Amino acid sequence: MISETTRHPSRQGLENPVLLDAQPEHGRIFVIDPLLRSNAGTLGCRSRSKAMTSLRAFLDDEAHDFPAHERPAAVGSPASPSHEAGTRLAHLAVGVLVGTTAGLGAALVSADLGQVRQVLDLSATQAAWLSTSYIAAAVPANLLLIKVRQQYGLRRFALAALGLYAAASLAQAWVTEFAAMVLLRAIAGFVSVTLIPLCLFHTMQGFPTKWRLRGLVFGIGITQCAMPLARLLSPSLLGVDGWRSLFLLEAGLALLSLAAVGVLRLPPAERARVLEPVDLLTFVLLGGALAAIAAAFGLGRYEGWLHTRWIVVTLLAAPPALLAAGVIELRRATPLIDLRWLTHGDVWRFAVAVFLIRLVLAEQEVALGAARALRGRAHGLVSLAEVMLASAVAGVLASAACVNIEKIARPMMLAIGIATIAALVDSAAPETRHLAHLYVSQAAIAFAGTFFLGPALLLGITSALRHGGGALISFIVLFGVVNALGSVAGPALLSSYMNWRIAAGAAEQAARADTMRLAAVLGLATTLYLAVLLLLRVLQRLAERRTEVSAGAAREEQASPAASGWTQPPIVPAIGAIMAALAICGFILILAAFGRV
């Protein structure tokens, strides 16, 4: 039993001393003076409070009063201040990194399903589920995540999305059960939708103020370069550690993106309380129907369009769900998506054009099937992938350089015309045992695939901005949905037509040529359709100019408005150390994916 107590020498007169965390040491109990305990507690509270303040400052956007010309067009988007050259270059680099991460997430698995199927020992249907679940989850995510970003803030949204994306990718590298893999692919697809606007925001900040639209075109093009890049990387990755290497690369890029976005802030974005309980009901009806349609497109050619019960039920149940969601949205004052604006003639005509272009560009999948059927050597397929990647990058650069807000429809016509000619060349090519005859045609289609997308995005944005921020958000949702559905529907429909021709008795080479001719016919029809849209747009612009002249509208030169002076806030050393550790982990995962660790 302890019998001796030592008091603080300066507090001998203290009555009822308080024992705190008494620990026996050589028969003594050391008594902590109440005053010292109070001081220690105060210091600990201050330390914790300082840490929480630093964390909140890292996660939140600081308040800043931007002038009118620098404020964002819609809530949830960053402001547009001018930056120094070094800051612009850093934003551009982060945009390229995030855009590549977003694109490779879907492309690494779908680029070569045949090899993935062999490595994982899956059936054709199971392998198709890996890519389809990603797209089916990404399609409805467009509906809800924009409002989440608007309400909870862009920075929190971006950091949380990148962290979840990295975790899902890393989990896929170690999961072996098929059902769990499909679930993780769906989670990654749902979160990946957040990365594309993040890429666009950074690339727009990377260009001078007068060239911000070029940054938008450049950013959306970067995400489309991921497919030829995946075709170039997938064979070597699968040869290192099988399917695990694909997801190690994906997780490594996600961690690098997380560190880069954490260090380099976007300008602050406005927030607003926009989420309502009814949004969840609309999301379930509308998003569920769109996801089911995407799944049916992705699996129909493998399981049979009318021979599988769940596909038939899906195609029958989707229209009533879409109709019910439409009725709910039309009666709301603040709908999740503005259906009234989407029913305007120029909007749905634009959606049809983008969908048709995606169908035509799917000819590339048929041509690559021909390349694999030729049993070309591995270096020949790699060379073809290199040519396609270089052409895709050239299409991005050309599209960004040739942006003209008054002539947006013309690049779309040029792109689809190029793809049409390439499809005709492929359909007329004789059977051969080498891949050289595909270099020019597939390079042309890769160029067209990235050249058209930026002007298509701008065409819709210019129309939406005339109707306010709500229309802009609705257009972004529409563009994401149509682009995703077109990318999965095109290969599905063309492959189904080819299979039907083979079942009807045609030889495989003849069936493939017929399918390429069908793509060329669709391309010609789409070109004529775009010509009509161009004529309508010209007439509309002429009418607007006549109205301006009759109203006596005059443009006066105005002095350049003052800049806001916003600059990047400093990084707290502890936060910087965490971001550096994440970047190092990302590099290690990328090196491991290529067998360098």
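How many nonpolar, polar and charged residues does the lining of the second largest pocket have, by class?

Good morning. What you have before you is a predicted model, in which local features need pLDDT of at least 70 and side-chain atom pairs count only at pLDDT 80 or more, while totals for chains, interfaces and linings use all residues. Residues are numbered from 1 along each chain as its sequence is written, and side-chain values use heavy atoms, with hydrogens and water left out.

The chain has 22 helices and 3 strands; these are DSSP runs numbered from the N terminus, H or I over at least four residues for helices and E over at least two for strands. Of its 597 residues, 48% are buried. Here buried means under 20% relative accessible area, exposed means over 50%, and partly exposed lies in between, with a 1.4 Å probe and protein chains only. Taking contacts between residues at least 6 apart in sequence, 82% join residues at least 24 apart, where contact means heavy atoms within 4.5 Å.

Let me return to the opening question. The lining of the second largest pocket has 19 nonpolar residues, 2 polar residues and no charged residues. In this classification, Ala, Val, Leu, Ile, Met, Phe, Trp, Tyr, Cys and Pro count as nonpolar, Asp, Glu, Lys and Arg as charged, and the others, Gly among them, as polar. The pocket holds about 540 Å³ of space, and among its 21 lining residues L290, L342, L478, V481 and V482 are the closest to its centre. At least two lining residues come from each of α11 (277-303), α12 (309-330), α13 (339-342), α14 (345-361) and α20 (469-503).

A word on terms. The search uses a 1 Å grid over the protein atoms alone: a cavity is a set of points where a 1.4 Å probe fits but cannot get out, a pocket is an open set with protein on both sides within 12 Å along at least five of seven lines, and lining residues have an atom within 4 Å of a point. Grid points are joined across faces, edges and corners, and a volume is the space filled by probe spheres set on the points.

Now to the cavities. Helices α5 (154-172) and α7 (195-205) each supply at least two of the lining residues, and α5 gives the most, with 4.

Why is helix α7 described as largely enclosed by the rest of the structure? The reason is that 9 of its 11 residues are buried. Those buried residues of α7 are L195, P197, L198, C199, L200, F201, H202, T203 and Q205.

Next, a pair of packed helices. Helix α3 (residues 113-120) packs against helix α4 (residues 124-152) at an angle of about 115°, and their axes are 9 Å apart. Axes are lines fitted to C-alpha atoms, for helices over the stretch in contact, and angles run from 0 to 180 degrees between N-to-C directions. From α3, the contact is made by L113, V116, R117 and L120, and from α4 by A124, A127, A128, L130 and S131. By class, that contact has 7 nonpolar, 1 polar and 1 charged residues.

I close with some individual positions. A294, in helix α11, is buried, with a relative accessible area of 1%. Beyond its neighbours within four places in sequence, A294 is in contact with T132, A136, V139, L485 and V488. A294 and T132 are 162 residues apart along the chain, and their C-alpha atoms are separated by 7.4 Å.

G449, in helix α18 (residues 436-451), counts as buried because its relative accessibility is 12%. Its C-alpha atom is separated by 6.7 Å from that of L361, 88 residues apart along the chain.

R410, in helix α17 (residues 409-428), counts as partly exposed at 45% relative accessibility. From C-alpha to C-alpha, R410 and L534 are 7.5 Å apart in space, and they are 124 residues apart in sequence.
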